[in-house]
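Biologist: I have a new model open and would like to learn how to read it. Could you walk me through it, one feature at a time?

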Amino acid sequence: MSTKLRHIAISVPDPWKTAEFYVNAFGFRKVGETDSSLARGVYLSDGVMSIALLNYKTDEAAGERGRDFVGLHHIGMWVDEIGAARASAEAAGGTYYMGEVPVKGNIFYEVKYRDPNGVIVDLTDHGWGGAVKDVGADASSAGPALRNPDLVADRAGIVGGAT
């Protein structure tokens, strides 16, 4: 099984301010924004990895750490085949947390597990926008296009009043 770490999500008070740091300090590029029922945020990429800078809207959406937690929230593994990856995670002691593979096969999804220490691990065989599964491979290994590439997330409620 070929599994690649290709996604990191960081919970932050102001995704846009944090994005400026990663862009200016390390040369990441912004590949999109998100504004879902769970969180608002910015997606960055270095061309291989997808980084989600997320501001969770509720404690429930953020999980047991709550929406005020700042730091690594979860990691994501790009796997060859989701069914086999789920079976491997469970056999190794992982526990299902949330998410399902959609009936329509071409829709982005993540199935979330917890490792034996409680760390959330996303699994997908579709990848993440801004990431590539196999470094040096052709463009067919690139992650999905963002569903709404021109989305501008609502910044209301961001600590510090960013607008």
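Biologist: Let me start with one side chain: is Tyr96 buried, partly exposed or exposed?

Modeller: Tyr96 is partly exposed, with a relative accessible area of 38%. Buried means under 20% relative accessible area, exposed means over 50%, and partly exposed lies in between, using a 1.4 Å probe and protein chains only. Before going on, note that this is a predicted model, in which local features need pLDDT of at least 70, side-chain atom pairs count only at pLDDT 80 or more, and totals for chains, interfaces and linings use all residues. Residues are numbered from 1 along each chain as its sequence is written, and side-chain values use heavy atoms, with hydrogens and water left out.

Biologist: What percentage of the chain do buried residues make up?

Modeller: Of the 163 residues in the chain, 40% are buried.

Biologist: Which elements does the chain contain, and in what order do they run?

Modeller: There are three helices and eight strands, running β-α-β-β-β-α-β-α-β-β-β from the N terminus on. Both kinds are DSSP runs numbered from the N terminus: helices are H or I with at least four residues, strands are E with at least two.

Biologist: How do strand 2 and strand 3 pair?

Modeller: Two strands pair if DSSP finds at least two bridges between them. Here strand 2 (residues 29-35) and strand 3 (residues 39-45) are antiparallel, with six bridges. Gly32 has Tyr43 in strand 3 as its bridge partner, and a hairpin of three residues joins strand 2 to strand 3.

Biologist: Now the rings: how many aromatic pairs does the whole structure have?

Modeller: A pair of aromatic rings is described by the distance of the centres and the angle of the planes. Rings of Phe, Tyr and Trp (its six-membered ring) pair if their centres lie within 6.5 Å; planes under 30 degrees apart are stacked, over 60 edge-to-face, and the rest tilted. A search of the whole structure finds five such pairs. One of them is Phe21 with Phe26, edge-to-face at 5.5 Å centre to centre and 85 degrees between the planes. Phe21 is partly exposed at 45%, while Phe26 is exposed at 54%. Another edge-to-face pair brings us back to Tyr96: its partner is Tyr113, at 5.9 Å and 80 degrees. That pair links distant parts of the chain, strand 6 (residues 95-98) and strand 7 (residues 111-114), with the two tyrosines 17 residues apart. Tyr113 is buried, at 2% relative accessibility.

Biologist: Which residues do ring pairs link into a cluster?

Modeller: The cluster consists of Phe21, Tyr22, Phe26 and Phe28.

Biologist: Which ring does the charged end of Arg114 sit over?

Modeller: The ring of Tyr97, 4.1 Å from its centre. A charge sits over a ring if NZ of Lys or CZ of Arg is within 6 Å of the ring centre and within 35 degrees of the ring normal. Arg65 likewise lies over the face of Phe69, at 4.3 Å from the ring centre.
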